[in-house]
Amino acid sequence: MMKMGHLSNAQLRRLEEHKYSCASSSLMDPMMQKWWCWLVEQISMTLAPNLITIAGLFINIVTSLLLVYYSPDAKQEVPRWACFLCALGLFIYQSLDAIDGKQARRTGTSSPLGELFDHGCDSLSTVFVSLGVCCSVRLGTHPYWMFFQCMMAVSLFYCAHWQTYVSGTLRFGYVDVTEAQFGVIIIHLITVIFGPGVWSVKVPVLWIPLQCVPTIIGLIAAAVALFNNFKIILIKRGAGRNGSTVAVSC
């Protein structure tokens with residue numbers, strides 16, 4: 001019997017056979033690839049890809065926690081400089097997260113466990129990015145909207161990897177992670193330029209505060225993404241042949 005915490009020979013064999021598979025239709029990725037390819041060339045070949053991953057995550061968490069410090073319930077106005085740092089931290093995280101895999105392939109150190117580590121860090125980042133944007137727009141004044149926004153972000157991340165486990169390919173749509181991250185950066189910069197109070201302004205016709213509009217936009221994008229993911233989840237057969245979840249089922 002296999003001991004708890006140990007992988008069987010069959011599971012270890014599946015790890016060795018794992019191949020990363022990705023398909024992207026992202027609108028912004030082709031443009032950003034120029035920046036990411038240039039950036040990875042500036043990095044020493046001796047720098048470990050996992051160190052790049054964890055450095056980006058650390059920066060993202062610290063800058064997000066700055067907003068949580070000033071607004072622990074997402075109801076108080078946060079300093080503009082903190083929002084700017086959060087936007088900068090997210091951009092740095094996005095850049096480092098995009099080049100860690102490139103660095104791994106560049107140095108010949110790519111592995112299934114490195115990919116798993118990368119996506120594990122992404123899952124943590126999703127939580128902090130959601131909390132940061134809630135603090136920036138003071139969404140805590142509408143707790144149900146805040147709960148929905150955070151759950152939507154986590155659910156999208158889970159479903160994206162669920163379909164990857166089923167189909168064997170991580171898929172990015174026209175409006176996906178890169179676009180969402182830039183959307184969050186723009187939200188932080190709006191707070192920097194106009195101040196936190198701008199989010200309390202009522203939107204004509206909709207008669208809801210401006211702070212709720214990003215959640216509505218996110219809901220529309222999420223509905224499309226979930227439809228595409230579940231279309232694959234419910235149709236495909238088998239599980240985790242090459243998925244980015246690094247499945248090891250027999």
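Helix H2 (residues 29-41) and helix H7 (residues 177-194) cross at roughly 80°, and their axes come within 10 Å. H2 is therefore roughly perpendicular to H7. The axes here are lines fitted to C-alpha atoms, for helices over the stretch in contact, and the angles run from 0 to 180 degrees between N-to-C directions. Angles of 65 to 115 degrees count as roughly perpendicular, those under 35 as roughly parallel, those over 145 as roughly antiparallel, and the rest as oblique.

On the H2 side the contact is made by Asp-29, Met-32 and Trp-36, and on the H7 side by Thr-178, Glu-179 and Phe-182. Contact means heavy atoms within 4.5 Å. By class, the contact of H2 with H7 has three nonpolar, one polar and two charged residues. Ala, Val, Leu, Ile, Met, Phe, Trp, Tyr, Cys and Pro count as nonpolar, Asp, Glu, Lys and Arg as charged, and the others, Gly among them, as polar.

The model is predicted: local features need pLDDT of at least 70, side-chain atom pairs count only at pLDDT 80 or more, and totals for chains, interfaces and linings use all residues. Residues are numbered from 1 along each chain as its sequence is written, and side-chain values use heavy atoms, with hydrogens and water left out.

The protein has eight helices and two strands, in the order α-β-α-α-α-α-α-β-α-α along the sequence. Helices (H or I, at least four residues) and strands (E, at least two) are DSSP runs, numbered from the N terminus. Of the 250 residues, 42% count as buried, where buried means under 20% relative accessible area, exposed over 50%, and partly exposed in between (1.4 Å probe, protein chains only). Among contacts between residues at least 6 apart in sequence, 81% join residues at least 24 apart.

By class, the contact of H6 with H8 has 16 nonpolar, six polar and no charged residues.

| Residue | Location | Relative accessibility |
|---|---|---|
| Gly-132 | helix H5 (residues 112-137) | 1% |
| Ala-74 | loop between helix H3 (49-70) and helix H4 (80-107) | 1% |
| Arg-138 | loop between H5 and H6 | 16% |

Gly-132 and Ala-74 are 58 residues apart in sequence, and their C-alpha atoms are 8.7 Å apart in space. Leaving aside neighbours within four places in sequence, Gly-132 is in contact with Leu-67 and His-188.

Ala-74 is not a glycine, yet has a positive phi of about 60°. Arg-138, also not a glycine, has a positive phi of about 60°. Most residues other than glycine have a negative phi.
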